[in-house]
Amino acid sequence: MRRSSSPLRRLPQVLLVVAASAAAVASPGGAAATLWPNVPEQIARALTSGDALERRLAATRVGELAPETAIRLIQRGMSDPDVEVRLHLAGAAVRLRMPRAGDLVIEWLGEGDARLRLAACDVIRAAPTDRSVVALGRVLGDPDPHVRLAAATAMGAAGLPDAVSPLLGHLDDTAPEVRAEVARALGRIGDARAVVPLIGKVQDSVPEVRKATARALGELGDPRAVSALLLALQDASQDVRVEAVTALGRLRSDDATSAIADLVTASPGAAGAFPGARPSDSAASSNDVREAALRALGRIGSEAAVKALLAALAKDNPAAPRSAVRDALVSAGAAAVPALVAALSAAPSANTAAGAALVLGELKAREALPALVRGMQRGVVPLRHGLRALGALGDPAALPSVLELLGDADPAVRAEAIRAATALLDPARPDGRAVDPARALLVDPATASDEKLALVQLLGRTGSPRAQAALLPLAKARSTPLRLAVIEALGAARAAGTLGAAVDAALLAALDDESADVRLRAAIELSRVAGPGSARPLLQRLTVAAEQDRGALGIALSGALSRADDAGGAGSAGGATDAKAARDASGKGLVHEVAAAIASAPDAARDALIEGLGRMPGQAAGAALARMASAAPIDDRRKIAEALAGHPEAAAALRKLAGDPDPGVRANAVWSLGAAGDKDALPLLVPLLKDPDAAVAGNAAGAIGRAAGRAGQPARAAAALCAALPDARPYVRANALAALTVAGARCDGGAARDLLARDPAEAVRLAAADHLARSSADDDRRALARCAAEDRNATVAGRCARPAPPRAPAAAAEDVVVFVVPFDAGRGGSARDAPAPRAPFALLRADGLMRLGVADRRGELFERGAPRGPIRLTVPAPLVK
């Protein structure tokens with residue numbers, strides 16, 4: 001769980017995360033690094049050989065070369081007299097996403113060998129140009145239907161208006177698969193000239209064509225198609241009905257609401273369940289049609305549509321974790337709130353009332369709080385579902401109503417009340433209202449053990465000194481789960497004064513607990529809340545501790561050092577000066593002690609100490625790290641480069657480390673420059689986009705986006721990052737897109753749409769979806785809709801349908817510690833038992849940026865100022881396809 005904190009006190013989150021691994025093929029850029037230096041020359045010579053067999057073999061290996069070399073050889077070899085050579089080179093051009101490759105194969109469209117014509121269509125689809133797309137028009141009359149199909153696909157993928165006229169001329173192709181592809185292509189292009197001709201194809205004799213036509217009419221978004229789509233709701237094929245009702249939802253046609261509502265009320269299950277429907281031979285079920293109708297009503301969001309959805313709540317199951325009816329009402333948004341509130345004020349069924357309450361909670365409709373509370377008091381809203389809704393509502397004003405039910409006789413209601421109260425509290429905003437009722441239940445012998453654990457968590461979430469005072473005596477409870485819960489609760493918020501010292505003492509004592517889990521949890525909570533006075537005791541412990549305890553102690557010390565501030569404070573003029581001098585001396589003395597400990601510490605402790613210096617505020621700590629960097633071994637330099645992210649004043653040291661011979665050092669230094677550097681770092685970062693190491697280049701893209709975003713210079717970000725989008729390495733392309741989003745920049749033309757539609761890498765398409773979601777342009781919205789309907793990867797399709805929300809403000813950030821525990825293929829794909837030292841990783845942050853590199857000697861990485869939200873480890877760069 002990600003814990004909130006005030007902007008002035010960033011608390012570290014410690015996560016045990018499993019790194020993804022795969023039997024993946026290295027990217028072309030990565031493969032080139034394994035070749036002998038003379039291999040590219042051998043391949044180039046072989047491509048000019050008089051022996052066709054030798055040229056064919058060389059053509060199969062072109063994709064192994066560095067992109068620049070491979071592209072040069074492909075350009076030379078596209079006119080080879082041997083068909084097999086040209087086919088291999090065409091495949092390499094597609095894989096490399098070779099710029100303007102479409103112009104090189106225009107002549108192939110007239111070749112007698114159908115394989116060449118098909119290959120030309122594939123190349124143009126991957127790298128279209130105006131000339132090549134126009135040339136495809138004549139191929140739509142090819143005698144081979146496979147070639148006609150490939151040509152229509154390529155023309156639709158290009159999205160150029162010049163393709164509309166030739167495509168319209170082939171809507172009546174003799175091959176149904178070609179007719180369907182022509183309809184899909186016209187929908188992708190989005191030109192209004194296609195609307196009337198497509199309306200005529202709603203009655204095509206082949207279901208697949210009717211299905212593609214309905215989808216295309218929805219993508220075109222023209223209200224002239226409503227009547228034809230209403231007719232398609234009675235189609236014999238349920239696949240066609242799904243597409244027709246989805247299209248009507250996209251059109252947001254209230255005229256269609258009544259007909260769509262009939263699909264919702266019809267009994268799902270039988271193929272002929274809908275009025276006028278004939279027996280169906282489609283793969284979709286009648287329940288699929290009903291769910292599509294619900295989604296369409298949610299998108300329409302009119303008064304009549306909301307009324308129909310409210311009626312559907314009566315037959316819905318409020319206990320289900322997800323519901324198509326509730327999801328549709330949520331998608332209707334604020335327009336649904338008045339009707340939902342009115343339903344609670346009437347006499348609805350239990351299902352309707354529970355569903356309405358849950359939707360209001362998910363919509364965060366705080367204006368509905370009085371109606372929700374009254375509905376629970378009247379017995380209209382079932383208590384369990386009402387409490388769940390109040391917790392989701394997120395309004396602290398709901399807390400008194402929730403606390404009244406903490407002692408309810410029904411265990412299920414009590415459990416839901418505890419969860420709701422916990423959700424409504426934020427330890428960064430102390431609130432003591434829940435302390436007394438929660439403490440009373442906690443000390444009641446009749447309270448079940450699982451409820452006690454939840455109550456301890458609730459007390460911790462209050463952030464109240466009274467709660468922490470109540471928890472302290474339980475820190476040595478006999479039950480290990482209870483000790484764990486109490487320790488976590490004590491670390492929820494920093495206590496002040498004497499109580500803070502008592503909490504620190506309890507957590508320090510827990511470092512000696514017999515349970516390793518308790519010791520680790522105590523270290524984590526110390527890292528969050530321990531006062532600066534705990535730094536020296538922890539440093540002493542770390543230098544003498546057993547090796548198995550150093551990891552936990554390092555976590556605790558790193559957090560404590562982050563609050564060992566040597567800056568001045570408030571007070572009278574003379575007193576402030578004296579106090580500042582004392583603190584400066586203390587802080588510098590502590591920096592000296594940590595630096596001295598690094599010099600003699602074993603490897604298991606060095607990374608923790610370096611990390612602690614990095615988190616310690618003040619110029620003395622940054623200067624100490626900069627001094628160490630000049631003569632440190634590789635592992636130390638890697639960690640120093642990471643630690644300097646917290647010291648902008650030491651940016652000169654980072655710039656030097658960015659040129660280190662070790663790619664792991666460069667990767668960390670470049671990423672840290674993204675956090676600590678300013679606009680002056682951009683000239684250094686831009687050339688590193690072409691670093692031969694994918695981690696360095698990918699981190700450079702992310703750093704450019706962060707630095708340019710802070711400096712308010714999106715144009716400089718675009719100039720560098722748009723040029724990186726054709727990079728052969730997937731993570732470089734993905735980070736360039738995410739960095740454009742972070743910097744608020746865009747590239748000219750449809751570069752992001754092109755990557756969303758055609759890039760083979762999942763990470764790139766996900767980044768493109770998030771980037772396009774920030775745009776209100778019709779072309780971008782159509783691209784997302786096509787992706788949601790057509791992408792074969794469920795993750796990508798889901799992201800296109802529900803893009804990631806805009807990133808949190810810069811202040812909403814926290815320091816994060818991540819342990820890298822790779823999957824072990826030798827153990828059947830299970831996770832290892834411990835973090836892996838120096839393991840490669842790819843950390844995906846909530847803002848979409850990926851940090852790439854290798855873990856430290858503990859198998860850990862430290863991410864300073866990570867945006868709030870989910871983070872995860874994904875496939876490391878060396879293994880990504």
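D660 has a relative accessibility of 8%, so it counts as buried. Buried means under 20% relative accessible area, exposed means over 50%, and partly exposed lies in between; the probe is 1.4 Å and protein chains only are included. This is a predicted model, in which local features need pLDDT of at least 70, side-chain atom pairs count only at pLDDT 80 or more, and totals for chains, interfaces and linings use all residues. Residues are numbered from 1 along each chain as its sequence is written, and side-chain values use heavy atoms, with hydrogens and water left out.

## The whole chain

The protein holds 46 helices and seven strands. Helices are DSSP runs of H or I with at least four residues, strands are runs of E with at least two, and both are numbered from the N terminus. Of the 881 residues, 55% count as buried. Contact means heavy atoms within 4.5 Å. Among contacts with a separation of 6 or more, 68% come from residues 24 or more positions apart.

D660 sits in the loop between α37 (651-657) and α38 (663-676). Its side chain makes a polar contact with the side chain of R637, at 2.7 Å. A polar contact is a pair of N or O atoms within 3.5 Å; within protein, one must be able to donate a hydrogen and the other to accept it, and residues adjacent in sequence count only if both atoms are side-chain atoms. Which residues does D660 touch, not counting residues up to four places away in sequence? They are R637, V665 and R666.

G677 lies in the loop between α38 and α39 (682-685). G677 is buried too, because its relative accessibility is 5%. Its contacts, leaving aside neighbours within four places in sequence, are S672, A707 and R710.

Strands of a sheet pair through backbone hydrogen bonds, either parallel or antiparallel. Here, an open sheet of three strands runs in the order β5-β4-β7, with antiparallel pairing. β5 (850-854) and β7 (872-874) stand at the edges with a single partner strand each, so one side of each has no neighbour in the sheet. On average, neighbouring strands of this sheet are turned by 30° against each other, direction ignored.

Two strands pair if DSSP finds at least two bridges between them. β4 (residues 840-844) pairs with β7 over three bridges, and β4 pairs with β5 over five bridges. A842 takes part on both sides. Its bridge partner in β7 is T874. In β5, A842 stands opposite L852.

β4 and β5 also form a hairpin with five residues between them. G848, in that turn, has a positive phi of about 90°. Is β5 enclosed or open? Four of its five residues are buried, so β5 is largely enclosed by the rest of the structure.

## Two helix pairs

Two packed helices are described by the angle between their axes and the distance between the axes. Axes are lines fitted to C-alpha atoms, for helices over the stretch in contact, and angles run from 0 to 180 degrees between N-to-C directions.

| Helix pair | Axis approach | Crossing angle |
|---|---|---|
| α5 (residues 83-95) and α6 (residues 114-126) | within 9 Å | roughly 20° |
| α19 (residues 337-345) and α20 (residues 350-362) | within 9 Å | roughly 140° |

α19 is therefore oblique to α20, while α5 and α6 are roughly parallel to each other. Angles under 35 degrees count as roughly parallel, over 145 as roughly antiparallel, 65 to 115 as roughly perpendicular, and the rest as oblique.

α5 passes α6 in a left-handed crossing. The crossing of α19 and α20 is left-handed. A crossing is left-handed if the near helix is turned anticlockwise from the far one by less than a right angle, and right-handed if clockwise.

From α5, V83, E84, R86, L87, A90 and V94 meet R115, L116, A119, D122, V123 and A126 of α6. In the other pair, V337, L340, V341 and L344 of α19 meet A353, A356, A357, V359 and L360 of α20.

Phi of R97 is near 50°, a positive value in a residue other than glycine. R100 is not a glycine either, yet has a positive phi of about 55°. Which one is buried, and which exposed? R97 counts as buried because its relative accessibility is 16%. R100 counts as exposed because its relative accessibility is 54%.
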